[in-house]
Amino acid sequence: MTRWRDLMCGDLRADRVGERLVLAGWVDTRRDHGGVVFVDLRDRAGKCQVVINPERAPEAFAAVHGVRNEFVLRVEGEVVRRAPEAVNPGLPTGEVEVQADSLEVLARCPPLPFQLDEEGVDETLRLRHRWLDLRRPRLQRNIGLRARMVSTIRRVMDASGFLEIETPILAKPTPEGARDFLVPSRLQKGSFFALPQSPQIYKQLLVISGFDRYYQIARCFRDEDLRADRVQEITQLDVELAFPDREVIFALMEEMATAVWRECIEVALETPFPRLTWHEADRLYGSDKPDLRFGLELADATAVTRGSGFGVFAGAEDVRCLTVPREYSRGELAQLEAFAKEWGAPGLAYLIFGADGEVRSPIAKFLSEAEIEAVRPQPGSTVLFGAGPRELVSRVLGQLRLHLGHELGLVDEEAWRFAWVTDFPLFEWAEDEQRWAARHHPFTSPAPESEPLLESDPAAAIAQAYDLVCNGVEIGGGSIRIHSTELQQRMFDVLRISPQEQRSRFGFLLDALAMGAPPHGGIAFGIDRMTMLVAGERNLRDVIAFPKNQAGADPMTGAPSDVEPAQLAELGIRLAPGVGG
């Protein structure tokens, strides 16, 4: 390969027995067995055993004396078979070892802040020494999976006639979604660029420009609060095409997902993926990203409880229930009620159906026989109720369903359950601003039958939008776009974006839509979330090479950091009193 090594450590196999090779890598472990020293030498491909025998190589033996973990070595020696009793079947290189003839220490390492095989290391300490953390086999695997995933995606998209085109990082602030990261302009003092939350407008303009199949592995930036499955810098597969219909987009994305799962983790997915409308997903699972690896579907009890003697049910907009195949004790029900309250429920009504068929519950005396029989499950079950506004019931019972699915061991952890969720509401009401907001983004096209509802009944308007969900995680989302200037202006009007704002913020888009814009649509997939799923991780930061922490800071480099006053002055910026260091 190079003068430093002839082969990767993890690629050594029995077919190399008898060859003299040069290997280089990090010391994974060092063991001294009665004068003979064994070193496991590691690189990205894996590790192999090197034997340093003082009788064979006295100089190499002297050199290895002070070697510790994470020293970098260059070793030259002969590949030999291990003795039968010394074969390590758990290691791909376990049949062979290298008898060293020379050993060179290329780099030393001080005592480590943590051991690479140590569990439970504080995340801030790991991120501060990320170059060490990334040497862990698990993170090496994760980053390798991510690279293989992106390579697979590019291969599928290229084969389908898409062009990979880059779009600007310095862009214009957007009207919806998360907060923008702003970048001051030195040449245009007092003006700011925004880092793109997505290349949405640019990709529409590319299709209008005649590039009828575009894609990009795009960096996107969202200044929002962080959690395990959300970071501020994301990478997404961005896709747009002209003259689409939904079926073409679905088929292409199913081909892409199938290739990724097959080539990354050797899992064969069945296509086509099932589909649910947003209303079906919300009604049955209390979520627009349902986990389909287990049952526990919600049942609608609104109609049967309209005249109920239990006032909470009688006056509720929505009453739904969740049947759990076990009898809960009072203590267990108190814990479930506390969980429901964490998600906004005022309480948790229930009916326990004993093995003898008898009903036990404080609310049973208020319910008619017809109401009880309408929800009666198999004996030995508990029925949990949510009552109130639809959004509240969905949130509480949806989270309760997920909690119980895991608590009762109902989730098939080996399964991969994909589903398309379609026909989302076009708008959602922003209570704090007392106006309608775009649920997806303001460039999403309404369904044709919903166009007359834009002004008269926005709440009933349906979007030509769709998400792809895997095991309860949204991994992709997109829509058919508005390609008419008149319809785009109507959409802006509903969102209370004034004609003056429309021209100042989106005049270039409106002009482009007026100059021969074809029907177009697309989708975007979160590379980070897809990798998290494929790698079996619960935290996005474990599939990103250099992530920020939960506070949006980088403990390794110290970013974000203070800026010299001279640089701020050059940008025409003065910090408010008490801000900054």
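## Handedness of a helix crossing

A crossing of two helices is called right-handed if the near helix is turned clockwise from the far one by less than a right angle, and left-handed if the turn is anticlockwise. In this predicted model, the crossing of helices H9 and H11 is right-handed.

## Overall architecture

The protein has 581 residues, of which 49% are buried. Its secondary structure consists of 16 helices and 22 strands. Taken along the principal axes, the C-alpha atoms fill a box of roughly 95 × 75 × 55 Å.

Among contacts with a separation of 6 or more, 67% are between residues 24 or more positions apart.

## Helices H9 and H11

Two packed helices are described by the angle between their axes and the distance between the axes. Helix H9 covers residues 330–342 and helix H11 covers residues 390–407; their axes are 9 Å apart and form an angle of about 130°.

On the H9 side, the contact involves Leu336, Phe339 and Ala340, which meet Val396, Gln399, Leu400, His403 and Leu404 of H11. These residues divide into six nonpolar and two polar, with no charged residue.

## Helices H6 and H15

From H6, the residues Met256, Val260, Trp261, Cys264 and Ile265 meet Met530, Leu533 and Val534 of H15. The residues of this contact are eight nonpolar, with no polar and no charged ones.

Asp318 lies in strand E13, which covers residues 318–324. With a relative accessible area of 8%, Asp318 is buried, because a residue counts as buried under 20%.

The side chain of Asp318 makes a polar contact with the side chain of Thr302, at 3.2 Å. Leaving aside neighbours within four places in sequence, Asp318 is in contact with Asp300 and Thr302, and also with Gly386, Ala387, Gly388, Pro389, Arg390 and Val393. Of these partners, Arg390 and Val393 fall within the residue range of helix H11.

Notes
Residues are numbered from 1 along each chain as its sequence is written. This is a predicted model: local features need pLDDT of at least 70, side-chain atom pairs count only at pLDDT 80 or more; totals for chains, interfaces and linings use all residues. Side-chain values use heavy atoms; hydrogens and water are left out. Contact means heavy atoms within 4.5 Å. Helices (H or I, at least four residues) and strands (E, at least two) are DSSP runs, numbered from the N terminus. Ala, Val, Leu, Ile, Met, Phe, Trp, Tyr, Cys and Pro count as nonpolar, Asp, Glu, Lys and Arg as charged, and the others, Gly among them, as polar. Buried means under 20% relative accessible area, exposed over 50%, partly exposed in between (1.4 Å probe, protein chains only). A polar contact is a pair of N or O atoms within 3.5 Å; within protein, one must be able to donate a hydrogen and the other to accept it, and residues adjacent in sequence count only if both atoms are side-chain atoms. Axes are lines fitted to C-alpha atoms, for helices over the stretch in contact, and angles run from 0 to 180 degrees between N-to-C directions.
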